[in-house]
Amino acid sequence: MAMFFKGDKVEVCSKEEGFLGSYYQAKILSPLNDNTVYRVQYKNLVEEEDQTRPLVEIVSADEVRPVPPPVTFTKATQVFHYLDSVDAFDNDGWWVGKITGRLGSKYWVYFETTRDEIAYPVSRLRHHLEWRDGHWILANDTFF
């Protein structure tokens, strides 16, 4: 498991019902209990009581991962294929889904956790990467 320090930019994987399969950008405010939990401040989520303040939470270390590396594409190569695993940026976070089709410049993404299928422009999609044993793994098991 990776160790994070104050100021590190991370993503937090939600384990809450209705939010499974979503990742939210955050910053480590402080590691706690020998790095078994972290106090984080979210980039796009706000406090319910005061929506001008970023949401701060204590999260388990197994919910935290580094921010995925940018995958650089040219317009000619920025394509997704049927059933590619992707993350779609929606509702302030990245949601894991599968490409189910393309219409014009938009890709249709199916989300297993909600059973929704939504069209997104390529600018709101990224290839889904998993963080395992200190490496980024693409859906086809390519290491980064």
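Is Asp 62 buried, partly exposed or exposed, and what is its relative accessible area? Asp 62 is partly exposed, with a relative accessible area of 45%, where buried means under 20% relative accessible area, exposed over 50%, and partly exposed in between, computed with a 1.4 Å probe on protein chains only. The structure is a predicted model, in which local features need pLDDT of at least 70 and side-chain atom pairs count only at pLDDT 80 or more, whereas totals for chains, interfaces and linings use all residues. Residues are numbered from 1 along each chain as its sequence is written, and side-chain values use heavy atoms, with hydrogens and water left out.

**Overall architecture**

- The protein has zero helices and twelve strands, with helices (H or I, at least four residues) and strands (E, at least two) taken as DSSP runs and numbered from the N terminus.
- Read along the sequence, the pattern is accordingly β-β-β-β-β-β-β-β-β-β-β-β.
- Of the 144 residues in the protein, 33% are buried.

**Strand E8 and its two partners**

- Strand E7 (residues 93-103) runs antiparallel to E8 and is joined to it by five bridges; two strands are taken to pair if DSSP finds at least two bridges between them.
- E7 and E8 form a hairpin with two residues between them, and Gly 104 in the turn has a positive phi of about 65°.
- On the other pairing, six bridges join E8 to strand E9 (residues 116-121), and these strands also run antiparallel.
- The hairpin of E8 and E9 has four residues between the strands, and Arg 115 takes a positive phi near 65° there.
- Val 109 takes part in both pairings, as the bridge partner of Ile 99 and as the residue that stands opposite Ile 118 in E9.

**Salt bridges**

- Side chains of opposite charge can pair when their charged atoms come close.
- A salt bridge is counted when a side-chain nitrogen of Lys or Arg lies within 4 Å of a carboxyl oxygen of Asp or Glu, and by this rule the count comes to five salt bridges.
- Lys 15 and Asp 62 meet through their side chains in a salt bridge of 2.8 Å, N to O.
- This pair links distant parts of the chain, 47 residues apart, with Lys 15 in the loop between E1 and strand E2 (22-32) and Asp 62 in the loop between strand E4 (54-60) and strand E5 (64-66).
- Lys 15 is partly exposed, with a relative accessible area of 47%.
- Arg 126 forms a salt bridge with Asp 87, the closest N and O atoms being 2.8 Å apart.
- That pair also links distant parts of the chain, 39 residues apart, with Arg 126 in strand E10 (residues 125-127) and Asp 87 in strand E6 (residues 85-90).
- Arg 126 counts as buried at 16% relative accessibility, and Asp 87 is buried with a relative accessible area of 0%.
- Arg 126 and Asp 87 also belong to a network of salt bridges in which they are linked with Glu 11 and Arg 65.
- Arg 124 forms a salt bridge with Asp 90, for which the closest N and O atoms are 3.6 Å apart.
- Arg 124 lies in the loop between E9 and E10 and Asp 90 in strand E6, so the pair ties together parts that are 34 residues apart in sequence.
- Arg 124 counts as partly exposed, at 31% relative accessibility.

**Positive surface patch**

- Lys 6, Lys 9, Lys 27 and Lys 43 form a positive surface patch; patches are made of residues with over 30% relative accessible area and no salt bridge, like charges being joined within 9 Å and nonpolar side chains (Val, Leu, Ile, Met, Phe, Trp, Tyr) within 5 Å.
- Lys 9 is found in strand E1 (residues 9-13) and is exposed, with a relative accessible area of 65%.
- Lys 9 and Lys 27 are 18 residues apart in sequence and 4.5 Å apart in space, C-alpha to C-alpha.

**Loop between E11 and E12**

- Asp 133 lies in the loop between strand E11 (129-132) and strand E12 (135-138), and counts as exposed at 77% relative accessibility.
- Asp 133 and Ala 2 are 131 residues apart along the chain, while their C-alpha atoms are separated by 8.3 Å.

Definitions and conventions. Accessible areas come from the Shrake-Rupley method with a 1.4 Å probe; for residues, only the protein chains shown count as cover. Lys and Arg count as positive and Asp and Glu as negative; His and the chain ends are not counted. The place of a charge is taken as NZ of Lys, CZ of Arg, CG of Asp or CD of Glu.
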